[in-house]
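Please look over the structure below before reading my points.

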Amino acid sequence: MPNKKILIRKALYEDIENIAALDAYVFRENAWSTESFTRELDLHFSRLFIAEIDNKFAGYALAWYIADEVQLMRIAVLPDFQRYKVGTQLIQHVINHTDNQKKIVLEVADNNTSAIRFYTSLGFHSVGFRKNYYRFDNAILMEKNINHED
Ligand SMILES: CC(C)(COP(=O)(O)OP(=O)(O)OC[C@H]1O[C@@H](n2cnc3c(N)ncnc32)[C@H](O)[C@@H]1OP(=O)(O)O)[C@@H](O)C(=O)NCCC(=O)NCCS
């Protein structure tokens with residue numbers, strides 16, 4: 001696995017089943033339906049990317065590009081492919097597809113320590129807190145400035 005190439009590409013209709021299955025596995029009662037993901041393919045401000053390793057689905061990221069911000073809506077990597085920088089490459093791809101957006105923002109459950117560590121490792125920092133944002137959890141708001149020179 002360490003030397004395998006990670007391919008990131010735009011999601012197609014036929015990828016939605018894999019995306020929704022992973023979303024259901026990691027986000028459980030907060031998962032999106034296949035219909036919700038399918039709708040994203042037609043929204044002009046939304047971009048859905050998938051990661052593949054050896055032509056196998058490994059993860060996805062969904063982001064909304066609105067005005068001067070990119071909102072990271074969802075990101076997940078299959079457990080077998082975690083800690084191999086798939087998530088890092090997905091975020092980098094989201095950033096590479098910005099137009100004039102100045103920052104990337106997201107909300108993460110305050111008990112999701114691995115995701116918070118992941119975002120921190122990529123240069124995100126905490127800018128706020130929302131109590132009871134999710135059904136049972138609080139949310140931490142995080143953001144990272146986009147340097148278009150990078
Ligand atoms: C968060 C997630 C997308 C990270 O994907 P990933 O491909 O495993 O992340 P990467 O391999 O790119 O990790 C980059 C760095 O982030 C940090 N990191 C990632 N996962 C971590 C974990 N479980 N514990 C501690 N640090 C972690 C590490 O610093 C890591 O670098 P290292 O492996 O060299 O130490 C993945 O764990 C996941 O799908 N989680 C479930 C879904 C989720 O919580 N999504 C976010 C909701 S807001």
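1. Helices (H or I, at least four residues) and strands (E, at least two) are DSSP runs, numbered from the N terminus. Residue numbers start from 1 along each chain as its sequence is written. The model is predicted: local features need pLDDT of at least 70, side-chain atom pairs count only at pLDDT 80 or more, and totals for chains, interfaces and linings use all residues.

2. Ligand shell. The ligand is surrounded by 18 residues, the closest being Q82, G87, T88, S114 and R117. A residue is near a molecule if its C-beta atom, placed from the backbone, lies within 6 Å of it. At least two shell residues come from each of strand 4 (69-77), helix 3 (86-96) and helix 4 (113-121). Helix 4 gives the largest share, 5 residues.

3. The shell holds 9 nonpolar, 6 polar and 3 charged residues. Here Ala, Val, Leu, Ile, Met, Phe, Trp, Tyr, Cys and Pro count as nonpolar, Asp, Glu, Lys and Arg as charged, and the others, Gly among them, as polar.

4. Core. A nonpolar core is a set of buried Ala, Val, Leu, Ile, Met, Phe, Trp, Tyr and Cys residues joined through C-beta atoms within 7 Å. Buried means 20 or more other C-beta atoms within 10 Å of a residue's own, exposed 12 or fewer, partly exposed in between; C-beta atoms are placed from the backbone. The largest such core has 31 residues, and I19, F49, Y60, A61, L72, L90 and V94 touch the most other members. Elements giving it two or more residues include helix 1 (16-27), strand 2 (46-53) and strand 3 (56-66).

5. V94. Which residues does V94 contact, leaving aside neighbours within four places in sequence? They are F49, A61, A63, V70, L72 and I104. Contact means C-beta atoms, placed from the backbone, within 7 Å.

6. Helix 1. I16, I19, L22 and D23 are buried in helix 1. They sit on the same side of helix 1 because they cover an arc of only 135 degrees around the axis. The arc is that of the directions from the helix axis to the C-beta atoms. E17 and Y25 are exposed on the face turned away from the buried side. The buried residues pack against helix 2 (34-40), strand 2, strand 3 and strand 4.

7. Positive phi. R28 is not a glycine, yet its phi is positive, near 45 degrees. R28 lies in the loop between helix 1 and helix 2. R28 is exposed, with 8 other C-beta atoms within 10 Å. R83, also not a glycine, has a positive phi of about 70 degrees. R83 lies in the loop between strand 4 and helix 3.

How values were computed: Contact = placed C-beta atoms within 7 Å.
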